[in-house]
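This report describes the ligand shell, the domains and the strand architecture of the chain shown below.

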Amino acid sequence: MWFANKLPHLIWQTSDLVENHRAILQWIHDYPSANLRPPICLNVSQDDWPDSDFDAIYSANTAHIMAWHEVQSMFRRVASSLQANGLFCLYGPMKYAGEFTSESNRLFDLRLREQVAHRGIREFSAINQLALEANLILLDDHAMPANNRLLIWQKIS
Ligand SMILES: C[S@@+](CC[C@H](N)C(=O)[O-])C[C@H]1O[C@@H](n2cnc3c(N)ncnc32)[C@H](O)[C@@H]1O
């Protein structure tokens, strides 16, 4: 909703697991925008990714929720769903060389692991290695509010 209003020249195709579609549709209903599309079903570890080549793919707060094999799958599939020079933007908390960027992130990581054993804040170098293996080159790593990062990769043509 936020991006669709701020970047009206882009069409935003939302996606998520089907159980979260109702909430997304409610947001779209409450904050309508002509460039915002209703969600498509997308489980990153399944084969039914859309056929189209996207200009850019944005994923927020997902890498620490998914199992690692799903994060691996996300990078492989993102790369094949982008057109040449397309961008992948990943938002969320990261660790660097094993260190959390804040005490609150360390506590958040503990809570995540208590909830579900496969969850947890990911190591930047491991994430960037997945990107490299998928022919995605890191362009930027922006510090964001609340100790989050915005990582941006470009697909090598
Ligand atoms: C913490 S929520 C973030 C939601 C939203 N992107 C945001 O930032 O507010 C994590 C999201 O990851 C999605 N997710 C978890 N596993 C997934 C998978 N295997 N494929 C696709 N999405 C998944 C969940 O359905 C959920 O919407």
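Around the ligand lie 13 residues, the closest of which are L17, V44, A60, N61 and I65; a residue is counted here if its C-beta atom, placed from the backbone, lies within 6 Å of the molecule. The model is a predicted one, in which local features need pLDDT of at least 70 and side-chain atom pairs count only at pLDDT 80 or more, while totals for chains, interfaces and linings use all residues. Residues are numbered from 1 along each chain as its sequence is written.

By class, the shell comprises 6 nonpolar, 5 polar and 2 charged residues, where Ala, Val, Leu, Ile, Met, Phe, Trp, Tyr, Cys and Pro count as nonpolar, Asp, Glu, Lys and Arg as charged, and the others, Gly among them, as polar. The chain is assigned a domain 1 (6-36) and a domain 2 (53-157), with bounds that come from an automatic or database domain assignment. Each of these two domains supplies at least three residues to the shell around the ligand, and their C-alpha centres are 21 Å apart.

Helices (H or I, at least four residues) and strands (E, at least two) are DSSP runs, numbered from the N terminus, and two strands pair if DSSP finds at least two bridges between them.

| Strand pair | Bridges | Direction |
|---|---|---|
| β1 (12-16) and β2 (36-41) | 4 bridges | parallel |
| β3 and β4 | 6 bridges | parallel |
| β7 and β8 (148-155) | 8 bridges | antiparallel |

The chain passes from β1 through helix α2 (residues 21-30) to β2 in a right-handed β-α-β crossover, meaning that, with the strands pointing away from the viewer, the path from the first strand over the helix to the second runs clockwise.

An open sheet of 4 strands, with mixed pairing, has the order β3-β4-β8-β7. Its edge strands, each pairing on one side only, are β3 (54-60) and β7 (136-144). Helix α3 (residues 68-81) packs on this sheet and touches β3, β4 (82-92), β7 and β8, its direction making about 145 degrees with that of β4; contact requires C-beta atoms, placed from the backbone, within 7 Å, and axes are lines fitted to C-alpha atoms, for helices over the stretch in contact, with angles running from 0 to 180 degrees between N-to-C directions. Together, β3, α3 and β4 form a right-handed β-α-β unit.

A60, one of the closest residues to the ligand, stands opposite Y91 in β4, while L136 has K155 in β8 as its bridge partner.

Terms used. Two residues are in contact if their C-beta atoms, placed from the backbone, lie within 7 Å.
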